[in-house]
Each structure stands twice: as structure tokens, then as C-alpha cells.
Amino acid sequence: MPVIIIIADGVRPDTLSAALARTNDRPPVAPAIARSAEEGAFFTVTSCFPTVTGPAYAPFLMGRYPGAIGLPGLRWFDRSRATCSFPTFARSYVGHQMRRVDRDLDPTAPTLFELASRSVGALSVISRGLAPSARVTTSTARVARTHFSGNVRGWLDIDRDVVEEVVRRVRDERPDFVFAALTGIDKSSHAQGHDAPIVGDAIGIVDELVARLRIDAEEGGYWDDTHIWITSDHGHSPVRAHDDLARGIADFGLRVMSHPWILTLAPQAAVMVSGNAMAHVYLELEQRRRPFWNALRPRWESLASALLDRPSVDLLLLPNESHGCEVRSRDRGTAVVTFDGARFGYRRITGDPLALGADLRRADAQAAYDATIDTDYPDSVVQIATIARAPRAGDLILSAARDWDFRARYEPIPHVSSHGALHREHMLVPLVVNRPPARVPRRTVDVMPSALAALGIDAPAGLDGISFLERARRTRAA
Ligand SMILES: [Zn+2]
């Protein structure tokens, strides 16, 4: 059973379903995806926190949340000094350090490329296990030119070339597993908003890929065996103001390191933004082990309160080693998210920042999902518990308020839309499958075990997801 996963990077469920509904346009916007959804199903599932490309590809390819396997964000600071190098010990996957992703990931957590025998991967940020000959890429020079020119149409041209190459490879090589990412929707959403006409053009390119793969599969006689899944790693929402978080923390009298001017003499704080609607803030950088909030609180409570006072900050997460992660909201008070290795909890202290309306006690991953899915923060309890325990996470973790993000400078394309945060518009993504599955998918981490099931490969231990191709067994996903 060949499995083809297509990442329509950055497409929102409502943006995609609106495009599918435009059947009377001549030509229709996305007839091939619409047909897949009709013959199979269209689901809305949750991504992971941070909702940002790179880390949010880990669920599809590894069946795990990114923080736990080494990718707490698009940028992070290596407090241990074990992975990143002198003098900054900082990582950013924007630019030349992007190829470090594969080595930064936990080597004991296998990728689909390592488990499937014959793969093709196109524009995949995570590519460990993918032979150089099996990679569809564009030249770094072309990506840099497109990035710095601010030419959004250039990204769509890159998508068109990727479509050509993927179609050719699938026809000629008949791989078991294909992972193809198209970034035009994300780039055009950043530049013009998720509902701009150009986003429809980018969706049309994804549709062309689906259409041509189907035609070839029908002609080649292997369509009845083929799984095509179209999904995304994060949503998008409008940004009306950019908060210069790094400068805000510097105004507190601290020497701050932050991209792109990362080289700072004797830095006292590191501000690592993803998406740009989330950030890790690291303090007391000389400590090689995570100090955790209870130890930092006496010296940094005033900074924490000052950050929460900023209109750009929606949720402030303060991880503790053994007492769970404190979750603060300016208007809705404080609560604690706990995880004991198997069960999740949510305890309201001075309020209900995640707006669950109730405490949560000893909930498994499914119950924690059900308790949060209709709130403003779908799957928040599991996602907060995971990022709080991520070895490389910051001491303070910020999720941005609607209309805001955390980077005021240095973006070549002015952002009118952003992602990275924990709220619905960023966390919810579509999942279109071309045949009805045995069970309703919940999360993007369910995609990888489902692909393994289709390919007849045993799932490795430690996955966060559950296959949607198999009826519910007595599996307990953590
Ligand atoms: Zn983006």
C-alpha cells in the first residue's frame, strides 16, 4: 500500500474547506482534493505546540511531539552546551543551521524514512533516513533569493517545480512512502493573509499534485492501493502588531541574545522566537542544567509579571521539575498542568487560564484531548505538559495573543499573518484522506502510526499517536 502524505503547509481547515466548496468556479479551485474528501473524509485535527514548520513536521514523520525529541521550537538555546557550538550555543533552523535538524533529533526515535524501505521526500525539514537520491529539493540559492526578494509568487513557482518532480518520481520509481511539503500557502498567507486570493492559487497547486498522482495511479493500476493524505502542520491568523520581545526584555536591564544578532557579550537572557507567535525565554544562561521556575521565581517574578502585562502575551508557561507547569493568563488567572508519566492533570489556582471550566484529574491522552478540543486551546493540556518537560525548552514560554507576534524586525516579507501559538487558529489543521478510515483521527501524531499500518510496518515504542486505519484497540497513548 503506497502512502503519500502531502503537507499543504499553513493551510487552515476553514480556508481549505472554503476552497473545496468553490465547485462552481471555472475552473474549480481544488477539484481533486474535493473528490478525495468526498470519497474518503475531511477531518479537523490538532497539530502540536509550537505550531511552527520544522518542529510541527515531527508528528507526521516520527509520530511524536517535537519538544520531547529535541525540537522545542524553530529557535532554541542549548543550556547544556552539548549540541550547539561556541560562542552562542543557540540554534535557528531559519537559514544555514536548517540541516542540523536531523542530528538534533533524538536518535532513538525513528523517522518514517528510516522505517519504510523506499521513500521520496520533497522539501522536508526532517529528512533523517532519506537517501540523498530520494530527496526533492530546491537550491539554497533559489530559496535565499526568493526569501530575501520578498517575491511571494516565487514561492508558488518553487511549489510548481516540486509538483513536477514528485509526479515524475512517483511514476518512475513507485516508492512505498512519499512525503511532499508545499510551502506556497504558508508564504502567501504570511504576506497577504490566509483568505487572500493568492492563497487560492497556492491551494490550486496542491490540488494539481493530487490530481496528477491520481491519474498516474489509475493508469498504472495502483490507485486502489494508494493512500493520499493532505494535511498541514499549523494554521494562521492575522497579525496587527509586532511586539519586539527581545527589546522589551533588554529594557529590563538585561543583555539579551536574539536572532539575527545572536552574538552578545556575556548575555543574561536568550529570547528564541518561533513562528512568530511563540517564544522561549532562557535566564541565568551560565547554568548548564535547567533551573526550573521554583528556583528562578525569587529573582525573576517581576520579569514574569512584566511579561504577562504586555498585550502581546496571551499565555505564560512556567515549567517546574516536579510540581507541573504553571499556566498564567493576564485576565483569567493561574492554573497548573501536571503529568506523571501516564496521566494528565489541570488544577485551577486563581482562575481558569485555559478556560476548561473544570479541573482535570488523572486523565489519559484521549480524555485530556476531549476536555480541551472545544476550548480556545485545543489539546492544550497535553501540549503544555509536553513542552514543559522538553529538555531544551525555555524557562518562560510565551504564547502570543491574537493579533500579535513577537518579532518586530528582520522579516524580509512584512508579516500580516502569523502562527506558533496555542490557540485554535494555529492549532487546528485539516486532514483529508482518500478513503474512509476505521476511526476518527484526532491529532497530527496519528498520521505516522497510520502510515506504518498501511505499509505493514510495526510501530516503534513510544509513539504519541494512534493509527486511524485500525479500530480502537486497548492502546494507551501517552
Ligand atoms: Zn510560516
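Into which domains is the chain divided?

1. The chain splits into domain 1, made of residues 3-70 + 105-236 + 424-455, and domain 2, which covers 239-418. Please keep in mind as you look around that this is a predicted model.

2. Taken over C-alpha atoms, the centres of domain 1 and domain 2 are 28 Å apart. Domain 1 brings 27 residues to the contact, and domain 2 brings 20 residues. On the side of domain 1 that touches domain 2, at least two residues each come from helix H6 (140-149), helix H8 (184-192) and helix H14 (424-427). The largest share of that side, 4 residues, is supplied by H8. By type, the residues on this side of domain 1 comprise 11 nonpolar, 13 polar and 3 charged.

3. Next, have a look at strand S8, residues 227-231. Is this strand mostly covered or mostly open? S8 is mostly covered, with 5 of its 5 residues buried. The cover extends to both faces: His227, Trp229 and Thr231 are buried on one side, and Ile228 and Ile230 are buried on the other.

4. Which strands pair with S8? One is S1 (residues 3-8), which runs parallel to S8 and pairs with it over 5 bridges. Within this pairing, Thr231 of S8 stands opposite Ile7. Another is S21 (residues 428-433), which pairs with S8 in the antiparallel sense over 3 bridges. Here Trp229 has Val433 of S21 as its bridge partner. Trp229 and Thr231, each picked out in one of these pairings, belong to one side of S8.

5. Helix H15, residues 447-455, is also mostly covered, since 7 of its 9 residues count as buried. Those buried residues are Val447, Met448, Pro449, Ser450, Ala451, Leu452 and Ala453. What do they pack against? Their neighbours are S1, S8, strand S7 (177-182), helix H3 (58-62) and helix H5 (112-115).

6. Finally, follow the chain past the end of H15. The helix is followed by Gly456, and the phi of Gly456 is positive, near 70°.

Methods:
Residues numbered from 1 in each chain as written. Predicted model: local features only at pLDDT ≥ 70, side-chain atom pairs only at ≥ 80, totals over all residues. Buried ≥ 20, exposed ≤ 12 C-beta atoms within 10 Å, placed from the backbone. Pairing = 2+ DSSP bridges. Contact = placed C-beta atoms within 7 Å. Domains from an automatic or database assignment. Nonpolar A, V, L, I, M, F, W, Y, C, P; charged D, E, K, R; others polar.
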